[in-house]
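Subject: Model handover

Hello,

Here is the structure for your files. My notes follow below it.

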Amino acid sequence: MVSRSVLKKSANVNKTSVIKFIVCFVCAFFVSLTSFGLMKSPFAISFAGALSPVFSIAVMAGSIFSYMLFPDVYTLPFALAVVAMVVLKCSSLKVTPLKNAIMATLCTLLSYMVDFILYGFDYRILFNYFYVVSVSGVVTYYLSVLFGSTKDIRAVIASDKYIAATVYFILIAVCSSFSVAGLNIGRIIAVVVILSYSRNYRCAGGAISGALVSVTLLMCGAGNLHATVFLGVSGIASGIFMKYKRGTAAAAFLIVNILSGAVAGYSMSDIVSYIDIVIGSVIFCFIPVEKIHVEENHISCCSDMDGELQRFASFRMRAMADALSKAGENMFAGDTDQTVTYSSEGNIRTVYNYVCKECSGKNYCWGCRNSTTYDVFSKVASNKNISLADIPEEFDYCFRTDEIIYEFRNMINNQLVDITTAGCIRVSRNVFNEQLRTSAEIIKGISADVVCGFVPDKRITERTKKCLIENDIGFNSVAAYYNGSKRLVIEVYCSKNAFINGYRIYKVLGEEFEKTFDCVKNYDNDEMRFLITERPKYNVETYISQKSMNEGEPNGDTCDCFKDDSGNVYLVISDGAGTGKNASEYSKATVRQVKELILGGVGAEESVKIVNSAMIMQGKEEFSATMDIAKINLDSGNVTLYKAGAGATLFRRNSSVSSVTAQTFPLGVSGNAECYSRCFSLKVNDMVALFSDGVPEEVYTIAKKEMMDSRKDVSDISGNICNVAQKVSNDDVSVIVAKIISQKA
């Protein structure tokens with residue numbers, strides 16, 4: 001039997017193929033209407049040669065349909081050429097880009113030979129024929145490479161400059177044959193391409209792209225001479241001013257182009273062309289230029305930057321190793337090992353309280369014979385294996401001897417157990433710390449050989465270096481790349497003792513890339529890293545409210561809110577066992593250690609488990625604390641909960657409030673820490689509220705009503721819930737309310 005998943009996958013593949021077939025048909029229809037070199041364009045033949053046989057049939061069908069709707073005497077040769085191309089394509093057992101190019105060249109040449117005859121042997125256009133035939137072969141070759149690649153089309157375009165040039169050439173050439181409300185689409189796209197290349201490659205990019213675009217527009221008959229011929233010069237001017245804002249560079253492009261045309265002399269027919277140029281310049285000011293070539297040649301970039309990539313990876317792994325090695329030390333800081341010993345005097349006092357204190361003869365024993373009785377008790381207390389046969393004769397008069405022997409023996413046995421337990425805890429704690437230190441050393445050891453999980457964008461990296469050099473900012477190395485959410489990230493490494501202002505770095509880079517950045521400074525041994533990240537899509541409004549059970553005592557709960565290097569905000573509540581000072585110290589130590597591990601690069605769930613193990617090693621039954629973490633991703637808005645013995649969490653989503661609970665143990669109670677985790681998707685104006693155990697269940701109804709009131713901000717909601725809970729609670733109360741908002745530029 002065929003599984004449902006296989007059938008579903010097959011259906012999806014068929015649906016995708018049908019969509020691609022329709023797209024090829026429609027594109028071929030419009031391409032067949034275009035002209036190039038003062039004649040029918042050969043691009044339909046090129047597409048038929050570059051695509052697979054099935055989709056080349058779609059190109060043939062679209063082309064023939066176009067020729068049938070708009071027939072003339074010159075369409076027949078091109079229709080026959082497309083048919084011949086498809087026949088050759090389908091009959092070939094093995095095709096390569098070169099073979100496709102040769103077949104397309106022959107078919108195009110054949111169609112133009114027929115066209116030459118129909119024109120009446122006009123030798124003046126022979127150059128056009130040879131030029132267009134050559135273009136057809138080259139275009140077919142690079143399109144074959146593009147469509148035949150197993151990689152994403154966008155990545156292939158970004159990684160190969162010749163394929164990129166081919167795609168832009170076809171896009172401009174095809175679109176130049178179409179106008180909307182008198183505006184030529186090809187000319188508008190051409191201006192955007194020139195300015196984009198001058199933005200990325202400055203004067204050289206603007207000059208080369210401008211010259212090539214000028215030739216393309218003139219060959220397509222879409223470029224008025226005065227408005228088009230100076231595009232290369234205008235590209236150079238825009239490249240000079242690209243170190244400023246894009247609007248400034250676009251203005252320089254327009255001014256040079258218009259003034260050059262005015263000096264050469266232009267007519268009213270050129271006005272439309274200048275309108276297209278103005279529109280293209282305006283569009284350029286608003287598109288994400290830096291992301292056009294995000295996937296630029298990763299292979300060559302890696303080969304050039306292997307040493308730098310290892311350096312970046314090493315910095316991250318050493319930070320994680322430091323966080324691990326300090327985990328046990330920080331948790332056990334201030335917690336001294338107490339050696340359990342025998343205390344004869346204490347044992348004597350305890351036995352007296354248990355046995356002799358209520359005895360009717362105590363006045364005789366501890367009054368008249370006080371020193372003798374004390375000496376006898378001392379002898380008994382020092383004998384670990386005391387029995388009734390070993391009782392001194394001074395005790396012959398005592399009628400509660402068996403009780404005295406039992407109490408001494410019981411205390412001694414308990415003390416032996418305490419000594420053994422304390423020794424085991426001490427050994428286990430040392431083993432735990434040694435394991436963490438060993439893990440840290442292993443991570444540090446392999447960090448020099450591990451390559452980073454990201455690949456720097458070579459072009460953006462070089463541009464960043466140039467910007468820093470121009471502004472006299474010293475550095476050891478730089479990496480610029482786009483993360484999984486397409487946010488620009490720049491890492492600048494320099495000497496730890498360098499006098500460098502992080503504000504100045506992200507300010508000059510913000511002006512260079514016209515983006516709003518956040519900057520974080522980290523240290524590792526003798527190196528300093530500035531992590532400069534483009535601001536994410538979302539931000540978080542947060543407010544924390546706390547009330548102590550007893551006025552004047554510290555709150556036993558600890559709350560925190562912090563952000564990691566990856567664009568995640570963490571909301572944390574930990575409720576220490578009990579109330580007052582001890583509970584506060586337990587919860588503070590727990591939150592502090594979890595925070596350090598997370599910021600060191602350890603996952604939230606793994607951090608909770610490490611801290612739980614450290615708390616178990618404390619060997620104190622009263623040393624426990626709950627842990628409630630909400631991790632908010634500022635790129636996606638997703639919230640992930642991590643709970644260990646914590647209370648319920650409330651979410652306001654889509655105008656409704658729901659609660660999430662989990663039955664788990666607090667940290668420090670069980671060696672097998674079960675950390676509940678679950679992910680939720682939030683959007684702008686949605687809320688999440690975390691509560692300590694001191695918030696009773698009956699308050700949750702009021703909390704839901706507070707969260708549903710859209711007129712209140714997070715400070716009012718958090719404060720009101722905390723005030724209500726404190727009136728009915730017998731514990732410390734803590735509330736964190738967070739709201740997802742749009743990030744401000």
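How many aromatic pairs does a search of the whole structure find? The search finds 12, where rings of Phe, Tyr and Trp (its six-membered ring) pair if their centres lie within 6.5 Å, and planes under 30 degrees apart count as stacked, over 60 as edge-to-face and the rest as tilted. Among them is F43 with F169, edge-to-face at 6.0 Å centre to centre and 85° between the planes. F43 lies in helix α2 (residues 43–50) and F169 in helix α8 (residues 161–175), so this pair ties together parts that are 126 residues apart in sequence. Helices (H or I, at least four residues) and strands (E, at least two) are DSSP runs, numbered from the N terminus.

F43 and F169 are both buried (under 20% relative accessible area; exposed is over 50%, partly exposed in between; 1.4 Å probe, protein chains only).

This is a predicted model: local features need pLDDT of at least 70, side-chain atom pairs count only at pLDDT 80 or more, and totals for chains, interfaces and linings use all residues. Residues are numbered from 1 along each chain as its sequence is written, and side-chain values use heavy atoms, with hydrogens and water left out.

One aromatic cluster is formed by F25, F29, F30, F65 and F178.

On the strands: β13 (residues 638–644) has 6 of its 7 residues buried. β13 pairs in the antiparallel sense with β12 (residues 627–633) over 6 bridges; two strands pair if DSSP finds at least two bridges between them. In β13, Y642 stands opposite I629. β13 also pairs with β16 (residues 676–681), antiparallel over 6 bridges, and L641 stands opposite R678 in β16.

Regards
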